[in-house]
Amino acid sequence: MAGYNKNRGRIESLGMRLAYLREMAGMTQMEVALKIGCSKSMVRKWEKDEHCPRADVICEYSDLFKVSADWILFGNDTATDKRAIPTP
């Protein structure tokens, strides 16, 4: 996966983490868009790091994929009540 740094063990960009979560869940961009209430084109722009999602969108992703907002934003998961992120 492009953007994955093997030496640091993390996915480098916010957009790559959003795409990774979607792909791991087996969802399309359209399915994510419908779940969080936005357009498919916005999901694409977030995944390509062309736009940064608002805080409420980060919360929607966190709830949808059961991961912490910290992991989505920064690549590190500090929440204890969220599932572990599988390694790419």
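The legends below describe close-up views of a predicted model.

Local features are taken at pLDDT of at least 70 and side-chain atom pairs at pLDDT 80 or more, while totals for chains, interfaces and linings use all residues. Residues are numbered from 1 along each chain as its sequence is written, and side-chain values use heavy atoms, with hydrogens and water left out.

**View 1. The chain as a whole has 5 helices and 2 strands.** Helices (H or I, at least four residues) and strands (E, at least two) are DSSP runs, numbered from the N terminus. The order of elements from the N terminus is β-β-α-α-α-α-α. The chain has 88 residues, and 34% of them count as buried; buried means under 20% relative accessible area, exposed over 50%, and partly exposed in between (1.4 Å probe, protein chains only). Contacts are heavy atoms within 4.5 Å. Among contacts between residues at least 6 apart in sequence, 45% join residues at least 24 apart. The accessible surface of the chain is about 5300 Å², and carbon and sulfur atoms account for 51% of it. Accessible areas come from the Shrake-Rupley method with a 1.4 Å probe, and for residues only the protein chains shown count as cover.

**View 2. Helix α2 spans residues 29-36 and has buried residues at Gln29, Val32, Ala33 and Ile36.** Seen down the axis of α2, these buried residues fall within an arc of 100 degrees, so they line one face of the helix. The arc is that of the directions from the helix axis to the C-beta atoms. An α-helix has 3.6 residues a turn, so residues three or four places apart point the same way. The buried residues of α2 pack against α1 (14-24), α3 (40-47) and α4 (55-65). Leu34 and Lys35 are exposed, on the face of α2 turned away from its buried side. Just after α2, glycine 37 has a positive phi of about 80 degrees.

**View 3. Arginine 22 forms salt bridges with glutamate 23 and glutamate 47.** A salt bridge is a side-chain nitrogen of Lys or Arg within 4 Å of a carboxyl oxygen of Asp or Glu. The N to O distance is 3.9 Å for the bridge between glutamate 23 and arginine 22. In the bridge between glutamate 47 and arginine 22, the closest N and O atoms are 2.6 Å apart. This pair links distant parts of the chain, with glutamate 47 in helix α3 and arginine 22 in helix α1, 25 residues apart. Arginine 22 is buried at 11% relative accessibility, and glutamate 47 is buried with a relative accessible area of 9%. Glutamate 23 is partly exposed, at 46%.

**View 4. Arginine 54 and aspartate 56 meet through their side chains in a salt bridge.** The N to O distance is 2.9 Å. Arginine 54 is exposed, with a relative accessible area of 56%, and aspartate 56 is partly exposed at 42% relative accessibility. Elsewhere, salt bridges that share partners join Arg22, Glu23 and Glu47 into one network. The whole structure has 4 salt bridges.

**View 5. Cysteine 52 is exposed and cysteine 59 is partly exposed.** The relative accessible area is 64% for cysteine 52 and 44% for cysteine 59. A search of the whole structure finds 0 disulfides, a disulfide being a pair of cysteine sulfur atoms within 2.5 Å.
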